[in-house]
Amino acid sequence: AASGTSSTIMETLTNFSLIPQTITYTVTPIGANLCTGDPFTVAVTINPAPLAFASPNGDGTLCVGESRVLIGSAFSFTGSSFNYAWTVVSGSPGNGTLDNSSLSSPTFTATEAGTVSIQLVVTDNGTNCNSTTQTISFTIDDIPSATAPTITVCEDSAGSGNATVDLTTYDATVIGGGNGTYVTWYNGNPSTGGVPIANPAGALLGTGGIPTGLLFAQVTNASDCTNAVNATVTINSKPSVSGVTTNVTCNGGNNGEINITATGGASPYTYAWTTADGSGLAATDEDQTGLTAGTYTVVVTDNNSCTASMTFTVTEPSAIGVSMSGTDPTCNGYNDGSVSVVATGGTAPYTYLWSDGSTTATVGNLPSGTYTVTVTDANSCENTTGSVTINDPAAIVASIGSVSNVTCNGGSDGSAT
């Protein structure tokens, strides 16, 4: 080449090793008249590209709104520092954002369901060489959305403010976000430290258990994306019932009564009476009259369908029993006989009315005959079955069978039989 001129050659050089490689070229100048000058050498150093690594730091599935710290790293024998360049390649659909994309471990947040790729290129600051592009792919699923369950129950016992509920019978209706949903119940919002309920089939809600405002239903889809909704819980007060019984006054009677009072809950109330051994019920009336002895149960239902029940026993006295005895007159036609009665059962004390008008338990100075008695107890119950008969002894009858006169005046040999 003439003095002051230059020549350029273009060649692609690739270093496939992990250390710098040097290629030496020998250059021989050639003039216009083909005269050659003194040869000289040119050394070209080819630096290796840094090795880059990118990891999703977990599986390749994310939920919309979920963040993941990505892991990037690089290696080079030059020992230089590195620059990291992360970029998001959105899908159709599918998207997200990177926080601190120039750091080795940026945070990726999924913003749109679909698929998305994230690329990493590392630059060796010492050689300014770039790594090959590393790619991470994510499948992003929607957060399932659901309507909050509404739970309306009655308290376990009147005034307790607690209700034992089988939560497995309730569901949070899923209205979007994929298939395969199921519900897990939490005491408190799971996103702020709520804990799963150990026994959802028998969960105690209310003042003595899980506060009604802290019951959450978490919906989870097939991609393990979750959403917790706050259940609406209403624990209705339960009514209570009390009552007074009036027992049957006479055995076998039907004048028993039960008068009840329902309080609490939400009026109006309805009533349902049952009995296994009594009679006389008006099954839907509040109070009962005209009952026989027996056991009666009432279920009171308030306007919120909460119930209270109570069982009453109506009793009756035992039947009045009488035991009769009599003493016959001592002689035929005499009036020295007597009759007596002993009463049992019913309700003492007793009064007596004999067929002769006497009013004592024992009556004397009686001639023979049949005597009946009506026994009346303190409740005016009667027994009219008492009867006793006293009899005269047989009358004495005398007759003369034969007579033998005295043979001589003044004699004593007469006889009579």
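**Cysteine bonding**

Modeller: Cys-381 counts as buried, at 6% relative accessibility. The model is a predicted one, in which local features need pLDDT of at least 70, side-chain atom pairs count only at pLDDT 80 or more, and totals for chains, interfaces and linings use all residues. Residues are numbered from 1 along each chain as its sequence is written, and side-chain values use heavy atoms, with hydrogens and water left out.

The partner of Cys-381 is Cys-250, in a disulfide with an S to S distance of 1.8 Å. The term covers a pair of cysteine sulfur atoms within 2.5 Å. About the S-S bond the torsion of Cys-250 and Cys-381 is -90 degrees, and the link is left-handed. Cys-250 sits in the loop between strand S22 (239-246) and strand S23 (256-264), and Cys-381 in the loop between strand S32 (369-376) and strand S33 (382-390), so the bond ties together parts 131 residues apart in sequence. Strands (E, at least two residues) and helices (H or I, at least four) are DSSP runs, numbered from the N terminus.

How many disulfides does a search of the whole structure find? The search finds 3. One of them joins Cys-63 to Cys-225, with S to S at 2.0 Å. The torsion about that S-S bond is about -95 degrees, so the disulfide of Cys-63 and Cys-225 is left-handed. Distant parts of the chain are linked by this pair: Cys-63 is in strand S4 (residues 61-63) and Cys-225 in the loop between strand S19 (215-220) and strand S20 (226-230), 162 residues apart. Cys-63 is buried, with a relative accessible area of 6%, and Cys-225 is buried at 0%.

Another disulfide is formed by Cys-154 and Cys-306, whose sulfur atoms are 2.0 Å apart. This link is left-handed, with -90 degrees about the S-S bond. Here too distant parts of the chain are linked: Cys-154 belongs to strand S13 (residues 150-154), whereas Cys-306 is in the loop between strand S26 (294-301) and strand S27 (307-314), 152 residues apart.

With the bonded cysteines of the protein numbered in sequence order, the pairing is 1-3, 2-5, 4-6.

As for the rings, the structure holds 3 aromatic pairs. Among them, Phe-75 and Phe-77 have ring centres 5.1 Å apart and planes at 75 degrees, so the pair is edge-to-face. Phe-75 is partly exposed, with a relative accessible area of 38%. Phe-108 and Phe-138 have ring centres 5.7 Å apart and planes at 5 degrees, so that pair is stacked. The pair links distant parts of the chain, with Phe-108 in strand S9 (residues 107-112) and Phe-138 in strand S11 (residues 134-141), 30 residues apart. Phe-108 is buried at 0% relative accessibility, and Phe-138 is buried with a relative accessible area of 2%. Rings of Phe, Tyr and Trp (its six-membered ring) pair if their centres lie within 6.5 Å; planes under 30 degrees apart count as stacked, over 60 as edge-to-face and the rest as tilted.

Notes:
Buried means under 20% relative accessible area, exposed over 50%, partly exposed in between (1.4 Å probe, protein chains only).
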